[in-house]
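Hello,

Here is the structure I promised to pass on to you. My notes follow below it, so please have a look at both when you get a moment.

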Amino acid sequence: MRIFAIDIGGTAIKYGVVNGDYTVEHAFETPTEAHLGGAHLPKKLMTLIDRFADTVDCIGISTAGQVDSVSGRILHACATIPDYTGVELQKPLLERYGLPVCVENDVNCAATAEARFGAGRGFHDFLCLTYGTGIGGALWLQDRLYTGSRFSAGEFGHIVTHKDGRNCTCGGSGCYEMYASTVALQNDVQKATGKQLSGRAIFAPGHFGDETIRRVIDNWIDEVVCGLSSLIYIFNPPCIVLGGGIMREDYIVSEITRRVRTYPVHSFQSVAIRKAALGNQAGMLGAAFLAKQAAEARA
């Protein structure tokens, strides 16, 4: 079986052909052109799929936003892709190609890939969080995704860690991602130093050694652990997988682990804190896995 896999982000769309053994045969990237709005995306996807449609057996799509994975419709999306809420992705592709189409949230796809091929392999249960512009989350429970009653479980970025705190894009205030996302770290560094630095630049030797920046980083890690501690109390997971480019930094993950271990509760002593292993391919691989499952169930 060959799967056409797509990973839709706010800036870029990663896509390509994945074989039945989950090796990536072809991989490409193209701008999302989010400024054209969500309604433009089905047409754009068709231009990508057309080239390979006669050579694949199903289509898997990983996308930002809350997704009704039964109908393949975007239930809710932030302004990163304007007017994306309500867009039908599955229906027009089914009508055009007659192939099984699976659409799922991007972090759910990443968690699926990590469960089968990456840092979550060997665990029946784990939590997956990705840190970037915001904080995405997914729950892998009893060897499968748990998506809740309305497909929106795992919105960890919007748990409230600061009552009456910073205003959030969700319309609430004090949300976890306003304090612990990569963007929050960048904003805090700018406030403290006046420097606009990327996440990668913050950890470059010349900046990481700066006492002011180091203090901001350490306060930010406390914010990360604050949210994780609530999740550990609620779920008692055996493993937490941390994704996003910022989590490639060894200092962050080692400090998170050390600080989690200071909690005098046995569930904090046993939880494994792991870096996501699959990087930029996680969304495509997860989408491919779910699409193959759906195709086999339909056969």
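**Helix α2 and what covers it**

In helix α2 (residues 90-97), the buried residues are Q90, P92, L93 and Y97. Buried here means under 20% relative accessible area, exposed means over 50%, and partly exposed lies in between (1.4 Å probe, protein chains only). Helices (H or I, at least four residues) and strands (E, at least two) are DSSP runs, numbered from the N terminus. The cover over these buried residues includes α1 (41-49), β4 (58-63) and β7 (101-105), with contact taken as heavy atoms within 4.5 Å. Just after α2 comes G98, with a positive phi of about 65°.

Before the rest, a word on the basis. This is a predicted model, in which local features need pLDDT of at least 70 and side-chain atom pairs count only at pLDDT 80 or more, while totals for chains, interfaces and linings use all residues. Residues are numbered from 1 along each chain as its sequence is written, and side-chain values use heavy atoms, with hydrogens and water left out.

Strand β1 (residues 2-8) is mostly covered, with six of its seven residues buried. β1 pairs with β2 in the antiparallel sense over seven bridges; two strands count as paired if DSSP finds at least two bridges between them. Within this pair, R2 has N19 of β2 as its bridge partner, and I8 stands opposite I13.

Why is strand β2 (residues 12-19) described as largely enclosed by the rest of the structure? Because seven of the eight residues of β2 are buried. A12 has P31 in β3 as its bridge partner. β2 and β3 make a hairpin too, with four residues between them, and Y22 in that turn has a positive phi of about 70°.

**The second largest pocket**

The second largest pocket has a volume of about 340 Å³. Of its 14 lining residues, E104, R144, L145, L290 and Q293 are the closest to the centre. The elements that give two or more residues to this lining are β7, β10 (144-146) and α11 (282-298), and the largest share, four residues, comes from α11. By class, the lining has seven nonpolar, three polar and four charged residues.

For the terms: on a 1 Å grid over the protein atoms alone, a pocket is an open set of points with protein on both sides within 12 Å along at least five of seven lines, and lining residues have an atom within 4 Å of a point. Grid points are joined across faces, edges and corners, and the volume is the space filled by probe spheres set on the points. Ala, Val, Leu, Ile, Met, Phe, Trp, Tyr, Cys and Pro count as nonpolar, Asp, Glu, Lys and Arg as charged, and the others, Gly among them, as polar.

**Two cysteines**

How many disulfides (a pair of cysteine sulfur atoms within 2.5 Å) does the structure hold? It holds zero. C170 is in none, and its nearest cysteine sulfur, that of C175, is 3.7 Å away. C170 counts as partly exposed, at 44% relative accessibility, whereas C175 counts as buried, at 2%.

Best wishes

Conventions
A disulfide is a pair of cysteine sulfur atoms within 2.5 Å. On a 1 Å grid over the protein atoms alone, a cavity is a set of points where a 1.4 Å probe fits but cannot get out, and a pocket is an open set with protein on both sides within 12 Å along at least five of seven lines; lining residues have an atom within 4 Å of a point.
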